Amino acid sequence: MTDAILVLCTCPDETSADRLCEQLLDQRLAACINQLPGVTSVYRWQGKTERTREIQLVIKSRAALFEPLRQCILAHHPYEVPEILALPASQGHPAYLDWLTQETS
């Protein structure tokens with residue numbers, strides 16, 4: 001078992017995604033963040049179905065850091081209700097997991 005988590009978060013544009021990534025990395029709340037551009041999100045918001053182009057962030061961190069990571073996203077994200085979903089990583093390459101822990105310590 002590992003403490004590693006993947007946190008999913010979408011951003012409306014590259015500028016906000018870059019800013020959020022910098023904050024998370026500078027505060028050592030994430031070891032690595034993938035920015036996946038060109039994601040189309042379809043969702044209901046305030047009674048309407050919306051379709052939006054976004055950037056999906058896949059944030060690699062540790063469960064012990066989830067709360068400060070969540071607070072950082074809330075402080076720097078332009079959305080009223082940003083996506084913040086943490087998924088446990090039940091297993092991983094030991095050397096990668098060691099690196100992740102070092103980068104977030």
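User: Happy to be looking at this one with you. Is glutamine 46 buried or exposed?
Analyst: Good place to start, and do keep in mind that this is a predicted model. Glutamine 46 sits in the loop between β2 and β3. Exposed means over 50% relative accessible area, and glutamine 46 has 64%, so the residue counts as exposed.

User: What is the phi of glutamine 46?
Analyst: Glutamine 46 is not a glycine, yet its phi is positive. The value is about 50°.

User: Where is arginine 28, which also has a positive phi?
Analyst: Phi of arginine 28 is near 60°, again in a residue other than glycine. Arginine 28 is partly exposed, with a relative accessible area of 35%. Its place is in the loop between α1 and β2.

User: Is leucine 29 buried or exposed?
Analyst: Leucine 29 lies in the loop between α1 and β2. Setting aside neighbours within four places in sequence, its contacts include Leu24, Leu65, Pro68, Leu69 and Thr104. Buried means under 20% relative accessible area, and leucine 29 has 6%, so the residue counts as buried.

User: How far apart in space are leucine 29 and arginine 62?
Analyst: Along the sequence, these two residues are 33 residues apart. From C-alpha to C-alpha, the separation of leucine 29 and arginine 62 is 8.0 Å.

User: Let's step back to the fold. Which pattern does the protein chain follow along the sequence?
Analyst: The secondary structure comes to three helices and four strands. Read along the sequence, these elements give β-α-β-β-α-β-α.

User: What is the radius of gyration of the protein chain?
Analyst: For 105 residues the globule rule gives 13 Å, and the chain's own value is close to that, so the chain is as compact as a globular protein of that length. Along its principal axes, the C-alpha trace spans about 45 × 25 × 25 Å. The radius of gyration is 14 Å.

User: Which residues touch the most other members of the largest nonpolar core?
Analyst: This core has 19 residues. The elements giving two or more residues to it are β1 (4-11), α1 (14-26), β3 (48-62) and α2 (66-76). Isoleucine 59 illustrates the packing: beyond four places in sequence, its contacts include Ile5, Val7, Cys9, Ala30, Cys32 and Leu69. The residues touching the most other members are Leu24, Leu57, Ile59 and Ile73.

User: How many residues are in the other core, the one with Leu97 and Leu100?
Analyst: That core lies apart from the largest one. Among its members are Ala31, Ala89, Leu97 and Leu100. Its residues number five.

User: In which helix is leucine 100 found?
Analyst: At 2% relative accessibility, leucine 100 counts as buried. Leaving aside neighbours within four places, leucine 100 is in contact with Ala4, Ala31, Lys60, Ser61 and Arg62. Leucine 100 and proline 37, 63 residues apart along the chain, have C-alpha atoms separated by 23 Å. The helix that holds leucine 100 is α3 (residues 94-103).

User: Last one: how far apart are the centres of the positive and negative side chains?
Analyst: The protein chain has 9 positive and 13 negative side chains. Its accessible surface comes to about 6300 Å², with 53% belonging to carbon and sulfur atoms. The centres of the two charged sets lie apart by 6 Å.

Notes. Residues numbered from 1 in each chain as written. Predicted model: local features only at pLDDT ≥ 70, side-chain atom pairs only at ≥ 80, totals over all residues. Heavy atoms only, no water. Rg over C-alpha atoms; globule rule 2.2 N^0.38 Å. Areas by Shrake-Rupley, 256 points an atom, 1.4 Å probe, with all protein chains shown as cover. Lys, Arg positive; Asp, Glu negative; His and termini not counted. Charge placed at Lys NZ, Arg CZ, Asp CG, Glu CD. Core = buried A, V, L, I, M, F, W, Y, C linked by side-chain atoms within 4.5 Å. Buried < 20%, exposed > 50% of the residue type's maximum accessible area, 1.4 Å probe, protein only. Contact = heavy atoms within 4.5 Å.
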